[in-house]
Structures are given as C-alpha cells and as structure tokens.
Amino acid sequence: MRVGRPGGSPLVQAYLDREPHALRFYAGSYRDPEAFREKAHLVDGRFDRAKRERALEAIRPSGDLAAEKLRRVLEEDGFFVTTGQQPGLFGGPLYSLYKAITAARLAARLEDLLGRPVAPLFWIADEDHDWPEGNHTFLIDTGNEMREFRLPPEVGEPGRPFFRVPLGSDLAEQVTAFLDSLPGSDFAAPFRALLADAYPEGATLGSGFGAVLARLLEPLWVSFVDASNPVLKQASREAMAREVAQSAAHEELLTRVSGELEAEGYHVQVPIMPGGVNLFMEGPTGERERIYRDGDGFQLRHSETRLSEDDILQRIQDDPGTVSPNVLLRPVVESTVFPTLAYVAGPGEMAYYAQLREFFEAHALSMPVIFPRHGALLLETKIRKVLDKFDLDVSDLDQPFHELASQIARSEEPEEIRAIIGELRGALGKGAQALMEESKSIDPTLKGPINHMRGQGFQLVTEVEKKILHSIKRENEIALGQVEKAQHHLFPSGKPQERVMNAFYYLARYGEEFVPALAERFEIEL
C-alpha cells in the first residue's frame, strides 16, 4: 500500500505547498494549528447548544460509537470535520472511502488539539441528478478481469434527484452479478450480506451508498447526513432565500474572485454562468433545473418556466425539499447548519473552494479550513511479484498497454540482436556518408538518391526489429497477460485506481481489517 495525497491543478499544488499567493484564497493553511483554533473561535460565536441540538436532528450515526460522539458534541460544545460525495453504486470508487477515513482521522487529531469533541460527518449528496456519473461501478472479478456494473439509463429519469428515483428489478440483477463476481474467501460472507441488505428493491442510489459506508465506517465513529433530509432542508431555507435575494451581487462577487484567480495564472474550477442563481429547483416534470435571472424575474433552465422572486421564496418556505444548492452554495449551507471546522476535499474540490472565501463572508460565515484527503495505491503481493519479475515500477503501468508491451519486449530482446541491429544502423549511416563524399566530384545531384537509400535502409532495419519484437511478444503472451492484469488493478481503464475500483474487491479478500489498516496509515500532520 502506498499512501499519499493525490495531485491536482497548479492551484491545488500551490495550496498544498502553502504558497502565500494561493493561501489568500483560503481560510489559512491546513498545516497551521492556529487556523483551526481561529475557526473554532468563530464557530463558537455562531453556535450555542440549541443550534447544535437542531443540527444533530439531521444526522444519522453509523453506530453506537458515532452516537456517543454526537452526544459529546452536544454536551461539550463540539465541532465537525465534514466531507461528502455524490452517491455511487455499491459504495462507488475507493476515493469516497478515503475521504471519510481522512475526515475521521482529522477529527481525532483536532479533538486532541482543541480539547473539545470533534466528530466526522459525511454529507451524502443525494440531491444530485447526474445519473450516468453515479449509476455504475467497477470490480476485478474472480477471473481477474475488470467488469463494469451499470444500471440502465431509463432507471434514472432524466434530471430527477437521486433520492426520488427508487431502484427496481434491474437493481436485483446487478446485485446478484456483483456478488457472483466477488473473490471467494473466508472474509466475503458478511460483505455479501451487507450488499444484499443495503440494496433491497425500492432502495435509491443514496440510501444504498449510505448503508454501505455506514457499515464500513462504524469503527471510525463516522456519522452521515443526507442532502435531502427534511430537517436539513428546513434549516437551509434562510441561506437559500438569501441567495435568491442577493443572486446578482453574489454573481458579481464570484466573477471578480474568478478573475483574480485567473490573474494569478490559475484555472477556475467552476465557471460562473451569467445570470445563474446558485440554486436548483424541481420543475414541472420533476427535473432538477438551474434557476437563472431573466429580466425582472427568473426562469428554469430547461422547461423555461417563468418565476417571480416571490414564487421562489414561497417554494423555499413551503417545500424546501424541491429547492437545492448548487456546488458553490452547498458548502455555505453546510456551514450554516453544522458547526464545521474543516472540510476534507479532493483535488477538484480544493480548486473550487478557492472561489468561495468571500462568498462565505457574503453569507456572514467564515470558510472552513480545507484539508486534502489522503489517497492510497493498493498494491497486492501478486501484483508486486509481476512488477518485480519484469523490473517495472508502478509508474511504468501508467501508459497505454501496447506501449508498455513494447517496452517489455525491448527489455527482453537479446543483447546480441540489439548489438547487431545497432551495428547495422551505424554501418548504413557510415556507408551512405562515405558514398556521398566520393560521388560529389562525379555528380552533386547524387546526394538525394543516396539519402533516400539511407532512409529506406533505416526503415527496413526498423521493420525487421519490429518483427523480432513481435515474435518476442508472442512468445511472452502469458507473461504479458500477467502485466496487463496488473495494469487493470493499478490503472483500470487508464485511470487512477482510487477513481475507478470498488472497495468490495479488497474487503472480500482481506476482511474487516481492511478499513482500520487504511486508517492506521492515514497519518495527520498539522
């Protein structure tokens, strides 16, 4: 296992390196204990016992340990470290788990630092409507092949939030196929039961995702909140109403900050759309639509439904479950409702949080300290043996397989053949040059044909070498198959393992200790 922090854009890297011109866009450095102390002081100024008690009504503990931690947050004026993710099928890719583990580890570290209880809280973004992004997952099956499990497009009605889309018979088929693909081991049975229990017919992507993570993260005291939770929606009304009333001013602010980021040479992660309000509303067909300003009123993006400001404010008041924040407003809503010290972010999130410090202030809030999530490259013994056999590093597998296969074939090419081919190329070059010199006095125009002859000679040698390498590849097909399967494990579909692979492959192989082993290696340094 190799543990570290994922890379990111130049802005993210500058933040990780604590460069002043990047830090000015954030609430201090994630490595500065004073930044967390200052944030705790500001949170205390906003949250009394009553507000903490209301916040806890929206939260679902993963188990008794998390419930006890929440009790202490209430009784001892505690805080939260938050993180979150859009739901993914069967728990989604590994990085969702990594975010939650990082949040748990950071919460424990901050509790020691501040002498106050700090609980990890995972926000499940079940109001999201990007069905193609969440309706699938990938697993290495019992044949050591990469398999995709995907719910059909028609299950997710276009644009509807995940929490409003119950999954039907197609889900049962995918659950069965997924379970049948899990590695067989003494550890697999409880995880098979977990998946079956988490995804009964009528479950949603969000409910299944939450049930899986709650079970896996129970030893780490993690609690959960659904973005669609009615208590949370009631508590969000004031922030959403403010966003409607101040949408033009907030657009101007966000546009200016984006310009400042670009002036520093950084890419803006979330484009600011002219006229866009940082809110979605469920339209006439149930589709989640972005609200835009339109003249003296507003309009829903797709249905073109016209609305007045009073119409939107009334909907927020009467039916807040049908109105939801966009990616920029969501962190503001979270900090409005919960006493949040820090947010554990992936590279993309770290980039767009740089746009938000003044936006938080416009909502009379201070931005949480942004802490980079940990990542891990899970390198099993069988994969390590393949790398050692061919003298490969992990980074060598991060390339198209045909290029990797050629690299291996070249390394297997006998030294004698490589030397002879080198001599041939040298002789061709030397002979052509000598012929050119001797023929100058006879006919200077012979230079062109001689160069052509030399080029053809080099090409023929290269073609012969390719045939030799192809023969070596053919003889090593079994070995190259091992390398290709190792590549499936480390860079599935050419992407980082943590962004593709489902955790259940490792859970079924290594059992209950898999998550605690990860947590032990996710060290938190301040």
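Asn-326, leaving aside its neighbours within four places in sequence, is in contact with Asn-278, Leu-279, Phe-280 and Arg-290, where contact means heavy atoms within 4.5 Å. Asn-326 lies in the loop between strand 12 (323-325) and helix 14 (330-337); helices (H or I, at least four residues) and strands (E, at least two) are DSSP runs, numbered from the N terminus. The model is a predicted one, in which local features need pLDDT of at least 70 and side-chain atom pairs count only at pLDDT 80 or more, while totals for chains, interfaces and linings use all residues. Residues are numbered from 1 along each chain as its sequence is written, and side-chain values use heavy atoms, with hydrogens and water left out.

Buried means under 20% relative accessible area, exposed means over 50%, and partly exposed is in between, with a 1.4 Å probe and protein chains only.

| Residue | Relative accessibility | Class |
|---|---|---|
| Gly-283 | 14% | buried |
| His-250 | 4% | buried |
| Asn-326 | 7% | buried |

Gly-283 is found in the loop between strand 8 (276-282) and strand 9 (288-294). When residues up to four places away in sequence are not counted, Gly-283 touches Glu-289 and Leu-300. From Gly-283 to Glu-304 there are 21 residues in sequence and 9.2 Å in space, taken C-alpha to C-alpha.

His-250, for its part, has its place in helix 12 (residues 247-263). Apart from neighbours within four places in sequence, the contacts of His-250 are Arg-242, Glu-243, Phe-359, Ala-362 and His-363. His-250 and Val-277 stand 27 residues apart in sequence and 8.7 Å apart in space, C-alpha to C-alpha.

The aromatic residues form another topic. A pair of aromatic rings is described by the distance of the centres and the angle of the planes. Rings of Phe, Tyr and Trp (its six-membered ring) pair if their centres lie within 6.5 Å, and planes under 30 degrees apart count as stacked, over 60 as edge-to-face and the rest as tilted. The structure holds 17 aromatic pairs. In one of them, the rings of Tyr-15 and Tyr-30 have centres 5.6 Å apart and planes at 45°, so this pair is tilted. The pair links distant parts of the chain, as Tyr-15 is in helix 1 (residues 10-16) and Tyr-30 is in the loop between helix 2 (20-23) and helix 3 (33-44), 15 residues apart. Both Tyr-15 and Tyr-30 are buried. Elsewhere, one aromatic cluster is formed by Phe-90, Phe-149, Phe-178, Phe-191, Tyr-199 and Phe-504.

Charges also sit over rings, which is counted if NZ of Lys or CZ of Arg is within 6 Å of the ring centre and within 35 degrees of the ring normal. Arg-290, one of the contacts of Asn-326, has its charged end over the ring of Tyr-292, 5.6 Å from its centre. Arg-52 lies over the face of Phe-79, at 5.6 Å from the ring centre.

For the protein chain as a whole, the secondary structure comes to 23 helices and 15 strands, and the C-alpha trace spans about 100 × 60 × 50 Å along its principal axes. Of its 526 residues, 52% count as buried. Among contacts between residues at least 6 apart in sequence, 75% join residues at least 24 apart.
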